[in-house]
Structure formats: C-alpha cells, structure tokens
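Dear colleague,

Please find below the structure that I am handing over to you. My notes on what was found in it follow directly after.

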Amino acid sequence: MHYPTLAQADLQGKRVLLRAGFDVPIEDGKVKDTTRVEANLDTMKFILDAGASLIIMAHQARPKAARVPDMSQKPLVPVLENLLGTSVQFAEYITSEETKEVAYNLQPGEVLLLENLRYEAGEKSKEESERDALGKTLASLADVYVNDAFTNSHRDHASMTSVPKCIPGFMGLNVQQEVEGLSKVLDNPTRPVTLVISGAKTETKVPVIESFLQHGQDILVGGIVANTLLVSSGREMTGTYDDNFVKVGKAILEKSTSAENAAIHIPVDLRGDNALDIGDETIAQYIDVISRSGTIVWNGPMGLFEQDEFAMGTKAICDAVVEATNNGAISIIGGGDTLEFLNRYGYNLGDFTYVSMAGGAMLDFISGKKLPALEALL
Ligand code: ADP
Ligand code: MG
C-alpha cells in the first residue's frame, strides 16, 4: 500500500489537522449515535499520545454553506471530551483570525474542534480555486494533515484534497484499515471472485458491475438493480426498477455472455406482487455460487428488508456468506443499508473478513477507481 501512514508521520510538538468522518445524527443539540466518532478515536489518541496538538474538522449533513443551527458541530464537544478525557475548545468561525490564534496557541495534548466545514462555501465548491483557497486557510492552522474520513474520500472537497496540497498528509488509522481491508478485493483475490450487488441506488451500482464484469467470475444481483436488469432482459416488471438504466442493463447482459467476462445471474423468481425480494429458487442458485467462491464482495440488501416478510432473501444470502467465510472464503461487505440490515438482524461483524463502514467510497475503491482524497496524500 503506497499511501503515507500515520506511523510514518513526525508528530511530536506539531499541530495536526485531522479530517474526521463524524457526520453523526444530532437531534435537539444531542448526539444520538457516537459510532462514527469512536471510529476515529484510535487516530485521535495516536496523535495526542505522539505529543502533538489536535485540530479536528468534519462536516455535518448538507447545510449548503448556510449556518443552519441544527447542523452545528458544537454538540460534539462533550462527546469528544468524554472519549478523549480532556477538554476540547470550539472554533465557531473556521476562517477567522481568532481561530488561527487559538490554533497557534495550542499546546501538545490540547484539542480544538472546528465548526461544520460545510458552512463554508469553499468546501464543496465546483471551482477548484475556491476549494484551494479554503484548503490553504485550513492548512495554515497546522503543520500536518491527517485524513481519517474514508467515507468521504471519493469526494474532491477542500478538506479532503486541497489541504494536503499545502502541508504533508497522511492516512489516519481508520482510513488505513479500510484501504487494507478493501485491497483484499483488488490485490490478487482468491478466485473465483463473486460480486453480490443489490439494493436501490442503481446508478451507484452499475459502475461496480461494469468493473467486476472484467475482473470477477460471477455477479449475483438482487433488489431494484435486479428488477432493472430483468426489464433489460425483456421481462415485465410490476416492482420498482430504474428506467434510466434499462438500456445500460442490456449492454451489461450482452457483455456477460462473453466467455472472458464474469457471468451475471439475474433472479429466476421474485417474492410478492411488487418484486420486493428474491424468490426461493433464486436463493438456492445464489447460495450455490457463493459456496463455490474464493472471494465474495457484497453490497446492497436483496429485498425490502425493513419489512420482515421481505428480509428472507437477504438473510439467506448473508447466512451463505458467513458459511463460506467459515469455510475459508474472503468476504468483504459494505454499504449503509447493508450494515443497517446486519445490525437489525443481529449479525456479528466478526463473521466476515472485512466490513467497510463506507458506501460510495467503498464502491469506487473496489471498482479499482482512484479515490481523489487518497491520491492527494501522495
Ligand atoms: P446500500 O446502502 O447498502 O448500498 P442501497 O441504498 O442501494 O443499499 O439500497 C437499500 C434499500 O434498497 C433498502 O432500503 C431496501 O429496502 C431497498 N430495496 C432492496 N430491494 C428492494 C426491492 N426489491 N424493492 C424495493 N426496495 C428494495
Ligand atoms: Mg443506502
């Protein structure tokens, strides 16, 4: 792995600017779930233990450059104080002289949290010059940059790609873990490689299918992605499908007939009048493929799992992935709703080889795309 790691950084006595990946649910000024703060805890502690001071920046929801009070980072102060066991200062105006002064006066072991990055128009600006201007201001606060926001690393935002143009940048421990875990798919994976791809957001899944057509052996589809491919194959569909991808789906199915490309398996039966889950015969066929796989990459629930009656397909596939893992296969899983499924039905994350916390960034990474925020560290 060629991106610079935290262990390679000289941190002693430095001011370290950490791009964290919090974006936690906040209601009535209270943080409702601290999982994503805890995901960055090892990195924060590593930096402080190395004798550096820590400046933390993150985004919260989508305020579109307006100071929406509900989207302030301030409720994270007590959460961080509790986790880090030290007091945390807060900077309301990221680009002010006052914030710069507070940053410059930080002593080793001290922590400063910046307000929501997305209150600044430069963060997500389409103009590189505007992103770079904000990036330069942010970088001026510190000596070293650390990216521990893997979930956001497919984005060309100021805090992700502009800051490391100005000061040396390193992967945080969580990013390093994601890169190492997901690299198992790319670096000489054990064959046959099976992609299980499903869920609702067809536009984000099609590029993954196109990549695995070239690099994988079998592709099992479910959910709205499968419904769409069924329409592409000429079937009538009463369930939800994505009209924008019917044509692309035809090309994908055509490609999969070629011997050098992966074989695409589409459902032979569906559950319910609205095709809300895959059927029993499909489940049996998919389990058979999974049980013969060397590497399994899975993203997206196979059906409307939020309703128990349509969770059957996803459960059966999940059980098969766990069993294949027990029998020595490599299993890599990710996706917001896929994790929600594992959570809801009490699956143990330790039963898979690697579970990614990311959605879009994971899909891009496993498709072999370069993530701009990782490339920016080089
Ligand atoms: P992930 O977040 O894991 O990448 P997606 O966001 O693409 O997954 O899709 C998850 C959503 O897809 C879930 O809310 C699930 O209910 C829905 N879904 C899956 N299959 C179907 C289906 N056949 N019909 C309608 N909704 C479905
Ligand atoms: Mg989702």
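**Findings**

Ser-233 is partly exposed, with a relative accessible area of 39%; the term partly exposed covers values between buried, under 20% relative accessible area, and exposed, over 50%, computed with a 1.4 Å probe and protein chains only. Ser-233 belongs to the loop between α9 and α10. Its C-alpha atom is separated by 7.6 Å from that of Leu-253, a residue 20 positions apart along the chain. Helices (H or I, at least four residues) and strands (E, at least two) are DSSP runs, numbered from the N terminus.

Please note that this is a predicted model, in which local features need pLDDT of at least 70 and side-chain atom pairs count only at pLDDT 80 or more, while totals for chains, interfaces and linings use all residues. Residues are numbered from 1 along each chain as its sequence is written, chains are lettered from A and ligands numbered from 1 in the order in which they are written, and side-chain values use heavy atoms, with hydrogens and water left out.

A polar backbone atom of Gly-336 is 3.4 Å from an oxygen atom of ligand 1, and a backbone N or O atom of Asp-337 lies 2.8 Å from an oxygen atom of ligand 1. Taken alone, ligand 1 exposes 580 Å², of which the protein buries 90%; these accessible areas come from the Shrake-Rupley method with a 1.4 Å probe.

**Aromatic rings**

A search of the whole structure finds five aromatic pairs. Rings of Phe, Tyr and Trp (its six-membered ring) pair if their centres lie within 6.5 Å; planes under 30 degrees apart count as stacked, over 60 as edge-to-face and the rest as tilted. Trp-298 and Phe-341 form an edge-to-face pair, with 6.2 Å from centre to centre and 70 degrees between the planes. This pair links distant parts of the chain, as Trp-298 is in strand β14 (residues 295–299) and Phe-341 in helix α13, 43 residues apart. Both Trp-298 and Phe-341 are buried. Together with Phe-305, Tyr-345 and Tyr-347, Trp-298 and Phe-341 form one aromatic cluster.

Elsewhere, the charged end of Arg-15 sits over the ring of Tyr-104, 4.2 Å from its centre. The term requires NZ of Lys or CZ of Arg within 6 Å of the ring centre and within 35 degrees of the ring normal.

**Backbone features**

Most residues other than glycine have a negative phi, and most peptide bonds are trans. Arg-191 and Pro-192, however, are joined by a cis peptide bond, with omega about 0 degrees. Pro-192 is placed in the loop between α7 (173–186) and β9 (193–197).

The loop between β4 (53–57) and α3 (76–84) contains Ala-61, whose phi is positive, near 55 degrees. Ala-61 counts as partly exposed because its relative accessible area is 27%. Ala-65 is found in the loop between β4 and α3 as well, and has a positive phi of about 65 degrees although it is not a glycine. At 38% relative accessibility, Ala-65 is also partly exposed.

**Further positions**

Leu-377, in the segment after α15 (372–375), is buried at 6% relative accessible area. Glu-260, by contrast, is exposed at 66% relative accessibility, and is found in the loop between α10 (246–256) and β11 (263–265).

With kind regards

Conventions:
A polar contact is a pair of N or O atoms within 3.5 Å; within protein, one must be able to donate a hydrogen and the other to accept it, and residues adjacent in sequence count only if both atoms are side-chain atoms.
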